[in-house]
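Subject: A structure for you to look at

Hi,

Here is the structure I promised to pass on. Have a look around first, then read my notes below.

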Amino acid sequence: MEIQSNFSLKKHNTFGIEANAKQFVAVHSVVELKTILQENKNEKKFILGGGSNMLLTKDIDALVIHIDLKGKKIIKEDDDFVWVESQAGETWHDFVLYTIDHNFGGLENMSLIPGNVGTTPVQNIGAYGTEIKDTFVSCEAMNIATQEMRTFDNKECNFGYRESIFKHEVKDQYIITSVVFKLTKRDHKINTSYGDILAELAKNNITEPTLKDVSNAVIAIRQSKLPDPKELGNSGSFFKNPIISKTQFEEIHQKFPEMKFYKVSETEVKVPAGWLIEQAGFKGKRFGDAGVHKNQALVLVNYGNATGQEILAVSKEVQKTVFEKFGIQIEAEVNVI
């Protein structure tokens, strides 16, 4: 393990922002992680996964520890289910494809989401009607201060919409090292409830979709709407879809009857942030090298040399204008550093 100084993080964040770490080290095992933490007890630390859910607005004045633990294995199975453990540094999409190749069901709707496995419980990532919490069993995590290992089960993680215990009660206290998922081996619950998936399947004349069919449909949809971070810097969806009260929704819906929505409960409604941003006039708008993607208004992009501060300024302008037009506050899903 080599600790490097003044290390460029440009290739370690999907926005492609030029920012430097005071120090940087990649760890490839739990033992290495424990050693680094023990030997640098008094150093300020910054934990880095796949760099897909963050916007760097400044240099990182800390020891950046890149979690690069690899490996996946079946730890238990019966006739109906399989329990699969993945190390935190595995690329999420590669792991999803691994489960589909083995005909394990549950993650197919979350194909092509950027990032690594270890950060998925933090955000409770989700797409097209599924979330991590639906298949998550537990995760192993190391206490940064004591280096003790702890297992967090599904209930302990307090999962909510893009929320978990790791963003609140134990924020910055633990590093997730591996995650266990419970997936189906047969009688898969194929979820095609979202219109986009149904349309994509119909386009290919698929009436009885397999896990692979659903995954391929999701990949095609995401590729048509979302830019590849390798070609155009971005972090996927920058904003959360706001959840508002039914009363507030009804008032706004009277003024904007074409507004799309999803019923969350008897008292709450989820509104697509992308639709709000598009109606506010930002879709495809560019401010120098920072901008809003032309195909998906939820996505902020770096056209080349934008700084994190410039992208942040665009996000704040989007939030301000949406609030002025609709009275709805949209929150960033991306962590601003």
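When I say that two residues touch or are in contact, I mean that they have heavy atoms within 4.5 Å. Keep in mind that this is a predicted model, where local features need pLDDT of at least 70, side-chain atom pairs count only at pLDDT 80 or more, and totals for chains, interfaces and linings use all residues. Residues are numbered from 1 along each chain as its sequence is written, and side-chain values use heavy atoms, with hydrogens and water left out.

**The listed site**

Which residues does UniProt list under "active site"? The unreviewed entry gives Arg162, Ser237 and Glu333; its positions follow the numbering used here, feature names are shortened, and annotations may be inferred rather than shown by experiment. The three span 172 residues in sequence, but no two of their C-alpha atoms are more than 11.5 Å apart, so they gather at one spot.

Arg162 sits in the loop between β11 (149-153) and β12 (174-184). (Strands are DSSP runs of E, at least two residues; helices are runs of H or I, at least four; both are numbered from the N terminus.) Arg162 is buried, at 9% relative accessible area. Buried means under 20%, exposed over 50%, and partly exposed in between, using a 1.4 Å probe and protein chains only. Not counting residues up to four places away in sequence, Arg162 touches several residues, including Gln123, Asn124, Lys240 and Glu333. A polar atom of the Arg162 side chain is also 3.1 Å from the backbone oxygen of Asn124.

Glu333 is in another loop, the one between α8 (308-326) and β20 (335-336). Is Glu333 buried or exposed? It is buried, with a relative accessible area of 13%. With the residues up to four places away left out, its contacts include both Arg162 and Ser237.

**A histidine in a strand**

His66 belongs to strand β5 (residues 60-67) and is buried, at 10%. A polar atom of its side chain lies 3.3 Å from the backbone oxygen of Gly49. Beyond its neighbours within four places in sequence, His66 is in contact with residues that include His12, Phe24 and Leu48.

**One side of a helix**

In helix α4 (residues 195-203), look for Ile197, Glu200 and Leu201, which are buried. They cover an arc of only 100° around the axis (taken from the directions from the helix axis to the C-beta atoms), which puts them on the same side of α4. The buried residues of α4 pack against α5 (211-225). After α4 comes Asn205, with a positive phi near 55°.

Cheers

Note on methods
A polar contact is a pair of N or O atoms within 3.5 Å; within protein, one must be able to donate a hydrogen and the other to accept it, and residues adjacent in sequence count only if both atoms are side-chain atoms.
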